Amino acid sequence: MFVCRVGIERGSGFVFLYAVEEFVVMFEKLKRTLWGNLSGEEFKRYSMLSVTLLFIIGTYWLMRPLKDGIFKAVVGVDYLPYAKIVSFACILPIVLGYAKLVDLVPKQRLFYILCGLYSFLFILISFLLRDPQIGLPNTVASSDRLLGWFVYIAIESFGSLLVSLFWSFVASNTDAASAKRGYGLIIFGAQIGSMAGPLIATRAKSFGLPLLTLFVGMFLLVVPLLVKAFITKYPSAAEGSVKGKKKTSPWEGLRLIFTRTYLLGVLAISTIYEVVATYLDVNFKMLAGNYYTSNEAYTAYLGWFGFSTNFMTFILALVGTSYFIRRFGLTFCLVAYPCCASLLLLLCTSFSTVLPVFFVSVLVMKALSYALNNPCKEIMYIPTSKDVKFKAKSAIDMFGGRSAKATGAGITAIAAQSFIFGSAISFAFIILWAGSALFVGRKNKVLTESANIIE
């Protein structure tokens, strides 16, 4: 009996070991299929970066429905196009301040400073929203209620600032070959957070907008801890002291952009799509705002929209991002997006008052941007200098991106009575966008093959 028991136990152990080996083999096959030939160390490195972006994007996607819900309650949904324009006016001093910080402190410490600042702001906002005069208990929406404008601008700047900082940090520690294998993994992991954030927002009726805002402030405190863990694991990724480093003007980013044709092309593909996307997005949110009268219901609806968008992005990132970049190349992927955008714009023009059509069209537009266009445009920064990666990139992402959104909002305001007129202007931007994508894709290939960089 003892011998039999030992034999059974040994047999069970062999079965367990065999199952583990089979799982490892299957996992390796799946990893190669989805992300190419990632080494074990690369997989660990990109996984840590993926979790960091998970919290940044997840928190931001919780902010986004809150931004529109709070603005609708405090200021009014009809002022949404003007909110985009006002946020653009506030971006320039933020860009200059960020550029100055890049010279003053190591890059990893920027995460500590910015996340701490935004965390404090949103914890403060969560209490201000409860105030009977300036907060949500005052149900009379008005354009002179400054809290709504402040929340909108704060969230818009966060999206540009932290996401740009993250990708600059990654690009400064990554080569082109590794990026093609690993960027898909970063996007894949980040989509988990970008689904979780808006999913929390769908519970707006249960939690209330002030408590959701408090969640934002608390989640932001996790990001510096993750950055610290990454730096501890990979000390070579940390930038040393900036004492004695040659300082450049805070305008250096803008100077680089307008004196390098490659960067002008990157500016175009990084921002023009925002003109079209914002034009469709603002019209979509105004339609939804007129349909959902309750602030919590409106926030929850936008939360479901955010979840659906990021679920689609998750699927695309899982099966498409790395595959399409490796199989068809960067130029194809960059040009394919404006072609898809033109079809979506044509669809919305044909059904300009149907909310579900806008829901699906804006969803697809954003999902393709996050899963395909964004990883491609980030790879465009790899053959560039440190100043380009941090200063020029931040200017493109913040000033350029915000100006493009302001342009899209301006088209919405100008073409308020004629959606066809606004669509015609947007189609003109798409033509310029597609031409720029073709130029930048080809130029990037030349730079990569010749091992040259843009300085």
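Which helix holds the place of Pro-338? Pro-338 sits in helix H13, residues 330–350. The views below come from a predicted model.

**View 1. Pro-338 is a buried residue of helix H13.**
Relative accessibility of Pro-338 is 1%. Under 20% counts as buried, so Pro-338 falls in that class. Leaving aside neighbours within four places in sequence, Pro-338 is in contact with Ile-430, Trp-433 and Ala-434. Ile-431 belongs in this view too: its C-alpha atom is separated from that of Pro-338 by 8.0 Å. Along the chain, Pro-338 and Ile-431 are 93 residues apart.

**View 2. Ser-194 is a buried residue of helix H6.**
Helix H6 covers residues 176–201. The relative accessible area of Ser-194 is 0%, so this residue counts as buried. Neighbours within four places in sequence are again left aside for the contacts. Ser-194 then touches Ile-57, Gly-58, Trp-61, Gly-306 and Asn-310.

**View 3. Tyr-301 and Phe-359 form a tilted aromatic pair.**
The structure holds 24 aromatic pairs. In the one shown, the ring centres of Tyr-301 and Phe-359 are 5.8 Å apart, and the planes make an angle of 55°. Tyr-301 lies in helix H12 (residues 295–328) and Phe-359 in helix H14 (residues 355–379), so the pair ties together parts that are 58 residues apart in sequence. Both residues, Tyr-301 and Phe-359, are buried.

**View 4. Six residues make one aromatic cluster: Phe-284, Tyr-291, Tyr-292, Tyr-301, Phe-305 and Phe-359.**
Tyr-301 and Phe-359, the tilted pair of the previous view, are among the members of this cluster.

**View 5. Helices H4 and H9 pack at an angle of about 165°.**
H4 spans residues 107–128, and H9 spans residues 222–233. Their axes are 9 Å apart. The angle makes H4 roughly antiparallel to H9. H4 passes H9 in a left-handed crossing. On the H4 side, the contact is made by Gln-108, Phe-111, Tyr-112 and Cys-115. H9 contributes Val-223, Pro-224, Val-227, Lys-228 and Ile-231.

**View 6. Arg-45 and Lys-72 each lie over a tyrosine ring.**
The charged end of Arg-45 sits over the ring of Tyr-234. Its distance from the ring centre is 4.9 Å. Lys-72 lies over the face of Tyr-298, at 5.7 Å from the ring centre.

Notes:
Residues are numbered from 1 along each chain as its sequence is written. This is a predicted model: local features need pLDDT of at least 70, side-chain atom pairs count only at pLDDT 80 or more; totals for chains, interfaces and linings use all residues. Side-chain values use heavy atoms; hydrogens and water are left out. Rings of Phe, Tyr and Trp (its six-membered ring) pair if their centres lie within 6.5 Å; planes under 30 degrees apart count as stacked, over 60 as edge-to-face and the rest as tilted. Helices (H or I, at least four residues) and strands (E, at least two) are DSSP runs, numbered from the N terminus. Buried means under 20% relative accessible area, exposed over 50%, partly exposed in between (1.4 Å probe, protein chains only). A charge sits over a ring if NZ of Lys or CZ of Arg is within 6 Å of the ring centre and within 35 degrees of the ring normal. Axes are lines fitted to C-alpha atoms, for helices over the stretch in contact, and angles run from 0 to 180 degrees between N-to-C directions. Angles under 35 degrees count as roughly parallel, over 145 as roughly antiparallel, 65 to 115 as roughly perpendicular and the rest as oblique. A crossing is left-handed if the near helix is turned anticlockwise from the far one by less than a right angle, and right-handed if clockwise. Contact means heavy atoms within 4.5 Å.
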